[in-house]
Amino acid sequence: MNLSLSTADQVFVDSVRQFVADHWRGDTTLPGGLLAELRAEGMTVAERQWFDALVQAGWSVPTWPVAEGGPGWSRLWQFLFMRELAAMGAPLPVSVATEVVANVLFSGAPSAARTQWLSDIRSWRSRWCLGFAEPDLLADRGAGQSTTAVRTGSGYVVTGQKTWVTGGLVADWMLCRVALDGQPVWMAVSLREAGVTLHALPVMGSSLAMARVELNEVRIPLEGCLGAVEGSGITPPVSVASLVRSGVLRRDLLRLEADSAVQEDPAMQRACAELGVVLSGIEAMEFRALTSEATAEQGTLRTMLAIRGAEAGQKLGELRVRSMGYHAVSFPDGERFSNEGLFGDELALPAVRRALFDRAWTMYAAHHAESSGSGGSSVEALRDELARIVLGSGDSVQ
Amino acid sequence: MNLSLSTADQVFVDSVRQFVADHWRGDTTLPGGLLAELRAEGMTVAERQWFDALVQAGWSVPTWPVAEGGPGWSRLWQFLFMRELAAMGAPLPVSVATEVVANVLFSGAPSAARTQWLSDIRSWRSRWCLGFAEPDLLADRGAGQSTTAVRTGSGYVVTGQKTWVTGGLVADWMLCRVALDGQPVWMAVSLREAGVTLHALPVMGSSLAMARVELNEVRIPLEGCLGAVEGSGITPPVSVASLVRSGVLRRDLLRLEADSAVQEDPAMQRACAELGVVLSGIEAMEFRALTSEATAEQGTLRTMLAIRGAEAGQKLGELRVRSMGYHAVSFPDGERFSNEGLFGDELALPAVRRALFDRAWTMYAAHHAESSGSGGSSVEALRDELARIVLGSGDSVQ
Amino acid sequence: MDFSFSEEQALLKDSVEKFVLNDYTFAARQKIVRTEPGFSAATWKTFAELGWLSVPFPESVGGFGGKSVDMMLLLEQFGRGLVVEPFVATVVLAGGAIRLGGTTEQQNAWLPGIIDGSRQAALAYAEPQGRFNLADLVTTAKADANGYVLNGYKAVVLNGPAADFLVVSARTAGGQRDRDGVSLFIVDAKAAGVSRRDYPTVDAFRASEITLTNVRIGKDALLGAEGQGYALLEQVIDEGILAIGSEAVGCMEVLYKNTVEYTKTREQFGQPIGKFQVLQHRMVDMFMEHEQSKSLMYMAAMKMDEGYGDAARKAISAFKVQVGNSGRFVGQNAVQLHGGMGMTDELSIGHYFKRVTIIDTLFGNVDYHLKRFGSL
Amino acid sequence: MDFSFSEEQALLKDSVEKFVLNDYTFAARQKIVRTEPGFSAATWKTFAELGWLSVPFPESVGGFGGKSVDMMLLLEQFGRGLVVEPFVATVVLAGGAIRLGGTTEQQNAWLPGIIDGSRQAALAYAEPQGRFNLADLVTTAKADANGYVLNGYKAVVLNGPAADFLVVSARTAGGQRDRDGVSLFIVDAKAAGVSRRDYPTVDAFRASEITLTNVRIGKDALLGAEGQGYALLEQVIDEGILAIGSEAVGCMEVLYKNTVEYTKTREQFGQPIGKFQVLQHRMVDMFMEHEQSKSLMYMAAMKMDEGYGDAARKAISAFKVQVGNSGRFVGQNAVQLHGGMGMTDELSIGHYFKRVTIIDTLFGNVDYHLKRFGSL
């Protein structure tokens with residue numbers, strides 16, 4: 001039981017740190033580059049340059065195996081890599097596409113389309129969104145869906161509706177859960193195809209281009225069917241990316257603690273220290289989840305991390321607003337707004353909007369834990385899940 | 001809508017204040033004299049003198065009607081009277097006997113025994129406890145009981161067991177819920193009678209002489225049957241005494257705020273201010289409950305007051321322990337302990353013991369709200385009750 | 001001691017409630033918000049006709065002579081409707097400053113225009129560096145032969161865009177945070193040297209950043225005694241707290257009731273989610289937070305009506321702390337229990353949540369008023 | 001980076017766990033508590049025989065040479081059993097001070113007696129006026145020709161009644177709260193001028209108030225350099241925090257697991273109360289609090305083993321804060337869900353609750369360690 005890194009590991013960490021210092025020139029006030037590629041405005045110039053540098057270095061899809069064009073890193077190296085990025089405020093190269101879509105593609109049959117999709121994801125040149133939820137089926141994990149595919153000679157025709165599609169307004173592709181012959185399958189739907197209608201779904205504080213997507217006899221080629229949905233199909237696959245949440249939040253907390261309004265106020269300092277302790281606890285659980293061998297223990301830890309991470313994220317957002325005073329009032333919701341001339345507080349805009357949008361965290365806790373698309377659970381549902389574990393055997397993990 | 005008192009009311013308040021100043025000479029560190037008569041050690045000399053003075057003044061049973069020997073005060077005067085006592089740290093002349101037992105007696109048939117009981121209660125010379133709960137029926141409000149009375153020629157014979165009898169070890173009488181012909185009735189059981197066995201039930205932090213009471217063919221005269229149990233029978237009757245909780249707690253809070261450990265620590269000051277706001281809210285709800293005409297609104301307010309009062313009382317206990325530093329460690333549980341020579345902090349002993357015993361507040365919230373015997377509900381059960389109101393009509397009170 | 005409403009008060013409450021429920025639907029409100037100037041002139045006219053703009057003002061200027069309890073009843077209903085018309089800015093803040101601090105001449109000059117709905121006003125008191133300290137002023141008023149010359153920057157002036165005149169706090173003497181030396185002035189919004197930058201606020205009101213550059217005003221523009229404006233300003237802000245706090249109580253009522261209704265219809269795992277005990281207890285807690293806030297609202301209003309002093313200040317701070325904490329709890333859980341629907345612009349829930357969030361910040365947040373409560 | 005236990009560690013853990021489950025039942029513990037001297041000499045002998053008293057000490061004095069992780073594993077199991085034997089006082093605190101600060105001669109003189117179980121010890125560091133500030137000392141040590149003369153009053157000396165010798169903090173120079181000028185001394189408990197007042201603590205340990213009146217000790221009684229004892233004391237106390245914090249983690253495990261079991265059997269309204277969703281979620285939260293505390297325990301132990309410095313101090317304070325908050329939450333809710341039963345002396349629940357309550361206070365409560373965490 002120890003925390004020390006081997007020499008090789010330490011050399012790796014140093015190289016990552018150097019790489020970030022050399023290549024990340026962006027505005028580090030955005031939260032860890034979360035979902036950068038699905039923002040309504042798209043990537044900033046700095047983000048584009050950063051992702052290009054990652055592609056060149058072969059680090060653009062840190063969780064992928066070598067066979068698929070990834071670096072083939074151990075879980076530890078994936079973790080160390082992302083932790084450094086989080087600590088230095090650089091966007092993490094993880095997304096719906098790299099974590100969820102790629103995993104579906106990995107297990108599918110080889111095809112020209114598959115190769116192209118993976119290549120585009122690897123180079124951060126395509127944007128994917130997830131089509132899970134349907135109107136009226138919102139919060140039911142594992143509920144069925146009415147979106148249906150019918151076979152034609154050359155492929156399929158899909159009809160139905162998906163909602164709460166994060167980034168749906170700007171994405172190129174949607175990984176869509178549809179019923180084929182009564183069984184759920186994954187399909188890759190081009191959002192540029194005829195029959196696709198996008199409806200904006202304005203969400204409090206969000207700039208993530210949320211959409212309701214109508215599919216009306218949309219044609220999908222044969223290769224577009226990516227195989228059967230395994231299990232409930234809406235639990236995102238396990239990714240190391242979810243284990244650096246504390247790092248991302250700690251960075252934001254450090255910035256907040258440096259604020260003069262906090263430094264002058266013992267109550268704010270105490271609140272920050274309280275959150276700091278919570279983040280230490282989350283970090284410790286992340287370490288445990290990273291190094292744990294047992295799948296059951298990992299699952300329990302991940303559920304706890306989803307709950308505590310969501311709660312901590314909201315707490316941080318509240319603290320940020322608390323620190324702002326009147327600055328909090330004066331910014332409009334739902335549109336970009338130049339800060340110039342208004343107090344000169346560059347944090348004000350993201351703070352309020354993020355605190356509002358942060359309310360989603362406890363609704364879609366698992367979702368955010370994976371920093372990927374839809375398909376999360378409310379903290380209440382996660383507590384129900386844990387109750388089955390806690391009351392089932394009464395055993396602790398480890 | 002106003003808070004002002006009439007001249008007559010103000011004159012009354014002034015006279016109460018003067019009376020307390022003249023007659024209360026006790027140790028005001030005890031919490032409002034709560035349950036003084038049921039403590040294992042009995043009343044202190046100062047308490048005895050105080051209650052005697054109240055008897056002389058005709059103020060010893062402030063909630064009773066004139067016909068029964070009380071002052072016949074309006075609800076407002078009862079409230080003003082008790083509020084002054086609470087604010088000045090004098091024991092409130094309300095007890096299991098004055099509020100619960102007396103109410104049962106009031107509605108019973110006249111008898112020599114009844115006259116004697118009421119006279120002894122009025123003079124604070126008899127001690128009553130309540131026999132509601134039975135082993136294994138603890139938390140079920142309204143559950144039946146197995147303690148049974150059988151008729152004999154001269155009265156009844158009662159057999160069974162009662163538990164969680166606060167003050168059972170020291171009381172003279174127990175108001176006991178028993179089954180007679182399959183129906184629940186009240187019986188007055190002398191605890192000096194043959195067939196009564198008392199078992200001590202040591203409770204964390206408590207000096208309230210908790211007992212399990214075994215009744216083995218205990219003889220009860222005919223007059224000992226006090227009539228049928230109305231309703232669930234274990235909801236204590238409504239008493240104005242429950243509406244001065246905030247006053248009792250505020251007095252304790254003020255004393256805590258004067259402590260140097262609090263005055264030197266912004267975090268403690270903030271915590272005290274937070275509790276102060278909570279107490280203001282409770283006080284405001286108490287005023288509403290006092291002046292409200294509608295029974296339904298009163299009921300809802302009382303349930304809320306029971307919950308919030310219990311939570312606030314526990315919070316205060318925790319703050320007290322927090323303020324103590326090492327003083328908290330060094331006192332034994334379960335026995336009186338002279339403070340002499342130990343830091344000279346007279347608050348230390350009550351603080352720790354009370355904080356431990358305070359845990360009972362959220363279990364028996366209604367009980368403590370009435371500062372009477374057993375028969376309360378957990379805050380969870382009270383929330384269930386409120387849920388029926390909130391979800392039933394969706395209407396607010398007032 | 002009496003917690004019931006007089007007949008007059010019950011009538012006032014009923015008339016505002018009826019208006020909000022029948023005429024000021026959420027759809028209507030959203031339409032108003034999207035127009036310029038961000039509120040409805042017609043609605044304002046209705047307010048004037050119904051006499052609501054006159055409630056706090058003395059009969060000497062044509063007012064209703066109402067008390068804090070009346071204002072509380074009115075604003076609570078405005079809160080239920082998320083009314084965006086600038087009632088607080090014009091009637092409570094700017095109007096309040098003149099009512100409390102103005103000479104008979106000043107009252108006669110400025111208040112009738114407010115009462116008849118012809119004039120809008122705003123209170124320009126906050127400055128970027130000052131957080132919630134009303135005395136922290138960099139803006140200066142220098143006396144000259146004809147009156148005063150104002151220079152400075154006032155932040156987040158609610159109703160700044162529509163205001164015909166402003167009540168401005170500025171320093172006539174003393175150091176940056178001294179209470180002595182604060183003065184209040186009535187300034188024509190069109191005066192030379194007044195420049196604005198307008199924007200909508202998070203909760204869909206309108207506000208301005210206002211720069212004052214050598215703004216010249218007459219001696220008759222001074223409200224109250226020179227340098228003694230702090231006490232007046234504090235009282236005005238406390239009246240403002242009672243007003244927006246009452247709004248928040250109205251908001252909370254809607255938030256918890258709508259949540260109760262939603263959980264009765266929304267099904268999951270084959271039953272309404274309102275059947276789940278955890279959500280039931282959550283809603284009970286929302287209900288209790290609303291009731292506690294309402295109770296402290298009554299106390300604050302009645303203490304204000306007993307006379308403005310430390311007891312009233314303390315009651316106001318307790319109310320503001322409670323409203324901040326309860327508003328956060330009720331708002332967050334209303335959104336949480338609505339799930340994704342609570343996040344959309346389509347449903348009213350998110351808009352109520354924004355309003356209670358901003359109300360926590362306005363006139364001092366929980367941190368600020370806990371300290372004030374503790375110090376009184 | 002590795003979170004798994006070595007084979008040796010797993011063995012240690014298993015042997016302590018077995019002892020606690022099989023030999024140190026709650027009934028046995030309650031019997032011990034009621035005897036004098038409040039712990040069992042036979043049990044202490046067993047500890048010595050099993051080598052547990054030697055765990056942290058170097059092999060040079062016959063110790064096991066264990067690390068913080070080993071101590072953590074041992075104490076966590078002691079916590080599960082509510083072990084009242086004075087392990088922390090003798091081995092961790094007094095023994096730790098000599099292990100970390102003693103010369104080879106001092107180690108050889110004092111540690112073997114601890115390891116073989118023949119000598120009890122205590123650390124006398126707290127004073128009534130000092131709250132949790134280790135440097136706040138009124139007790140003085142004045143140098144004279146033969147050594148030092150001690151005068152003062154030490155509060156809440158855990159294991160004071162049984163201790164054969166004491167490690168005492170006293171001021172040799174500096175002002176009342178200066179870190180410089182704090183010195184530690186080894187004092188024979190029977191020395192002339194040492195007087196005790198003994199009592200049981202809330203959580204059934206034994207402690208003393210100790211008065212020192214002209215207690216004369218030799219030069220060889222000084223631990224470390226004169227006036228430089230603060231750093232040593234801080235490290236000893238941090239090791240003490242790891243120890244009692246690990247106990248608290250063990251307590252919490254019992255508290256939540258017993259509660260889960262109780263709610264499965266206790267019926268209300270015709271079903272086990274564990275079926276109620278509100279209680280289920282409460283128990284989930286208890287479980288999570290325990291897991292968070294355990295995770296921070298691992299971190300704190302590993303950081304201590306990486307070398308004592310600010311990172312270790314910060315991890316210790318984080319752990320102590322978590323243990324204070326989690327212990328309160330888990331303990332309160334265990335009692336609450338047990339209903340009246342949780343309040344009785346008969347059931348173990350209340351005793352575990354007392355222990356976690358006292359652990360929050362020992363060596364600095366949540367308030368103190370939040371400040372320390374924030375300052376590091």
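**Entry 1: chain A as a whole**

I began with chain A, where buried residues make up 52% of the 398 residues; I count a residue as buried if 20 or more other C-beta atoms, placed from the backbone, lie within 10 Å of its own, as exposed if 12 or fewer do, and as partly exposed in between. I note that this is a predicted model, in which local features need pLDDT of at least 70 and side-chain atom pairs count only at pLDDT 80 or more, while totals for chains, interfaces and linings use all residues. Residues are numbered from 1 along each chain as its sequence is written, and chains are lettered from A and ligands numbered from 1 in the order in which they are written.

I then looked up the secondary structure and found 12 helices and eight strands in chain A; these are DSSP runs numbered from the N terminus, with helices (H or I) of at least four residues and strands (E) of at least two. For the contacts in chain A with a separation of 6 or more, I read that 71% are between residues 24 or more positions apart, where a contact requires that the two C-beta atoms, placed from the backbone, lie within 7 Å.

**Entry 2: helix H4 of chain A**

I turned to H4(A), residues 96-106, and saw that this helix is mostly covered, with eight of its 11 residues buried. The buried ones are A:Val96, A:Ala97, A:Thr98, A:Glu99, A:Val100, A:Val101, A:Ala102 and A:Leu105. I asked myself what covers the buried residues of H4(A). The cover includes helix H5 (112-122) together with the strands E1 (128-131), E4 (173-180) and E8 (225-228), which belong to chain A.

**Entry 3: where chain B meets chain C**

I looked next at two chains together, and found 30 residues of chain B in contact with 34 residues of chain C. On the side of chain B that touches chain C, helix H8 (266-291) and helix H12 (379-392) of chain B each supply at least two residues. The largest share of that side, 14 residues, comes from H8(B). Sorted by class, the side has 16 nonpolar, 10 polar and four charged residues; here Ala, Val, Leu, Ile, Met, Phe, Trp, Tyr, Cys and Pro count as nonpolar, Asp, Glu, Lys and Arg as charged, and the others, Gly among them, as polar.

**Entry 4: chain C**

I listed 11 helices and 10 strands for chain C, and noted that buried residues make up 60% of its 376 residues. The C-alpha trace of chain C spans about 80 × 45 × 40 Å along its principal axes. Residues 24 or more positions apart account for 74% of the chain C contacts with a separation of 6 or more.

I also came across a cis peptide bond from C:Glu36 to C:Pro37, with omega near 5 degrees, and C:Pro37 has its place in the loop between helix H2 (26-34) and helix H3 (41-50) of chain C.

**Entry 5: chain D**

I found a cis peptide bond here as well, joining D:Glu36 and D:Pro37 with omega about 10 degrees. Then I looked at D:Arg131, whose phi is near 45 degrees, a positive value in a residue other than glycine. This arginine lies in the loop between strand E1 (121-124) and strand E2 (140-144) of chain D. Is D:Arg131 buried or exposed? D:Arg131 counts as buried because 20 C-beta neighbours are inside 10 Å.
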